Amino acid sequence: MSLPASDRTKKADNRTTMELGAVLPETAEVKDDHLFVGGVDMVDLAREQGTALYVIDEADLRHRMESYVSSFRSRYENSDVIYASKAFLNKEVARIANQEGLCLDVSGGGELACALAAGFPADRVFVHGNNKTPQELREAISAGVGRIVVDSRIELGRVSRIAGELGVTQDIYLRITPGVEADTHEYIKTGCEDSKFGFTMLDDFAFRCVEDALAAPNVRLAGLHCHIGSQVFALHSFREAADVMVSFMARIRDQYGCAIEELDLGGGLGIAYLADDAPSSIDEFAECTTTAVKESCEKYGLDLPRLLVEPGRSLVANAGITLYTVGILKTLPNIRKYVAVDGGMSDNIRTALYHADYEPTIANKAGQARTEIVTLCGKHCESGDAVVIDMPLQTPELGDIVAVFGTGAYCYSMSSNYNGQPRPAIVFVRDGQARVTTRRETYEDLYARDL
Ligand SMILES: *Cc1c(COP(=O)(O)O)cnc(C)c1O
């Protein structure tokens, strides 16, 4: 896919870096025209570590984790926050999630292996996926994971059989598709009926499968799960989903005489990718979902279940930035100004995939106004390879260090080696210190598995 035609009427916003609002990581500051994050000069860091480079503001990440846990627990005592690790996972983020008292959701054997290698307690791990392989299920059950979120009737049989072979009873959830349309980008909408995920409520299929789950040996139906989509701005979607799920639990009680003890409402809270985006806060999300669950439980006469949420993007996206070096400038009069950086779709596929938006700044001109409109293209052999399409930037020059905000989620975890590009290093910054938590890939890494 190529780039969308440039909007020639778009005007530069003349903002300086500190005017970019909620896209900035918490500790972002500008000193002597340089961008600092975590007290570290991003220009120096780029020179020391090379670019492209992922940088995580550790204080920002930890504060969002604390804020999630306290926003929920203060309103709803029996609640837990599960970090959806597919948004961004390395060992260090798993350790931090553990230290901050979160649970962890993994979507396959690889993420589980990373979590366990980081010392994450298996009993606080939740396993997702619409087609976990029998091998992955065996690994998860052997490791003693807390919950397996069963996605289909076929998988229910598999989990039950494997748990039996291993001589254990596995706690499970059933993932239900509540048919709620989340107000978000169509590609990442998962709660509506046409979905590969979960048990559909159409024709009462999900309800009939609850009977199978209750009857299956070697599993215990501990709860229900739903996830209505990602980058959701409209909080009412969560309220509607909560009501559908609680009424479903009431029907289970009435028909099967069984109390469902846990309700996992998934993730999906939207974040600011653009300076003018105004997503709901973590606190507002907690207020909305906890109130909805309490009201629905009251309405259907149910005891309050243990409540869980599974944020990914809203924990890490704004804590992360990507640094690049400008290598080529190319102006096509009346068409577009290209600024080529030393990364692209290999470290951030979201822009090429669905024209995602990001705010850029020049880290060594961070105090200056963004007076031009540019497209930051990558170095890959695809016309659609861009990180930022038609956004304001300070006047770019060769060798400038560009920082792109809001790249903490779904960039590293979706990265590739396209064109033989080694993956960037990941550096955590905090209190003036920079710590490499994942080293840059080497050329040798690229062919280390070739025989
Ligand atoms: C992706 C995903 C999440 C996290 O979604 P975010 O939009 O990143 O908060 C949570 N739960 C499940 C099942 C998911 O697939």
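Reader: Which side chain has an N or O atom 2.3 Å from an oxygen atom of the ligand?
Author: That is S230, whose side-chain N or O atom sits 2.3 Å from a ligand oxygen, where a polar contact is a pair of N or O atoms within 3.5 Å. This is a predicted model, in which local features need pLDDT of at least 70 and side-chain atom pairs count only at pLDDT 80 or more, while totals for chains, interfaces and linings use all residues. Residues are numbered from 1 along each chain as its sequence is written, and side-chain values use heavy atoms, with hydrogens and water left out.

Reader: Changing topic, where does C381 lie?
Author: C381 is in the loop that links β17 (372-377) to β18 (386-393), strands being DSSP E runs of at least two residues, numbered from the N terminus.

Reader: Is C381 buried or exposed?
Author: C381 is exposed, because its relative accessible area is 58% and exposed means over 50%, against under 20% for buried and partly exposed in between (1.4 Å probe, protein chains only).

Reader: What does C381 touch, beyond its neighbours within four places in sequence?
Author: Y418 and N419 are in contact with C381, contact meaning heavy atoms within 4.5 Å.

Conventions: Helix = DSSP H or I, 4+ residues; strand = E, 2+ residues; numbered from the N terminus. Polar contact = N/O pair within 3.5 Å; in protein donor to acceptor, adjacent residues only side chain to side chain.
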